[in-house]
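Reader: I'd like to go through this model with you. Can we keep it quick?

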Amino acid sequence: MEREDNVIDELLGEISRLIQAYPKALEQRAALIHASGKDPELAEKLVKAADTMRDSGNLYFTWARHYAAVAEGNTDALSDEDETEDFDV
């Protein structure tokens, strides 16, 4: 059981790193496009996409942590309440 918990914790760490890295990569690409002067509309779309991905990534990670807690037997995480209201979903 401890091995499974470690795998879940490792995956949570990886998810967190990727969720943080992806918007940054989009912003860096937008900065390169903007600096080149090639397509300012595309650069702006990528900046907005980075914001969107950051927000949705935070929501995704919150749910991932929730299910990790459920997998560990955390009874507080087993509530039948609809938690989507907490996120304006």
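Reader: Which residues are linked in a network of salt bridges?
Author: Glu27, Asp51 and Arg54. A salt bridge here is a side-chain nitrogen of Lys or Arg within 4 Å of a carboxyl oxygen of Asp or Glu. One caution: this is a predicted model, where local features need pLDDT of at least 70, side-chain atom pairs count only at pLDDT 80 or more, and totals for chains, interfaces and linings use all residues. Residues are numbered from 1 along each chain as its sequence is written, and side-chain values use heavy atoms, with hydrogens and water left out.

Reader: How many salt bridges does the structure hold?
Author: Two. Arg54 pairs with Glu27, with the closest N and O atoms 3.0 Å apart. That pair links distant parts of the chain: Arg54 sits in helix α2 and Glu27 in helix α1, 27 residues apart. Arg54 also meets Asp51, at 3.3 Å from N to O.

Reader: How far apart are Asp51 and Arg54 in helix α2?
Author: Three residues, so about one helical turn separates them. In general, an α-helix has 3.6 residues a turn, so residues three or four places apart point the same way.

Reader: Arg54: buried, partly exposed or exposed?
Author: Partly exposed, at 30% relative accessibility. Buried means under 20% relative accessible area, exposed over 50%, and partly exposed in between, with a 1.4 Å probe and protein chains only. Glu27 is partly exposed as well, at 30%. Asp51 is partly exposed at 39%.

Reader: Step back. How many helices and strands are in the chain?
Author: Two helices and zero strands. These are DSSP runs, numbered from the N terminus: H or I of at least four residues for helices, E of at least two for strands.

Reader: What follows α2?
Author: Gly73, with a positive phi near 85 degrees.

Reader: Now packing. Which residues make up the largest nonpolar core?
Author: Leu26, Ala30, Ile33, Ala43, Leu46 and Ala50. α1 (2–36) and α2 (40–71) each supply at least two residues of this core. Apart from it lies another core of five residues, among them Leu12, Ile19, Ala64 and Ala68. A nonpolar core is a set of buried Ala, Val, Leu, Ile, Met, Phe, Trp, Tyr and Cys residues joined through side-chain atoms within 4.5 Å.

Reader: What does Leu46 touch?
Author: Leu26, Arg29, Ala30 and Ile33, not counting residues up to four places away in sequence. Contact means heavy atoms within 4.5 Å.

Reader: How much of the chain is buried?
Author: Buried residues make up 19% of the 89 residues. In α2 they include Gly57, Phe61 and His66.

Reader: Last topic. How many aromatic pairs are there?
Author: One. The rings of Trp63 and Tyr67 have centres 5.9 Å apart and planes at 25 degrees, so the pair is stacked. Rings of Phe, Tyr and Trp (its six-membered ring) pair if their centres lie within 6.5 Å; planes under 30 degrees apart count as stacked, over 60 as edge-to-face and the rest as tilted.

Reader: And how exposed is Tyr67?
Author: Tyr67 is exposed, with a relative accessible area of 52%. Trp63 is partly exposed, at 25%.
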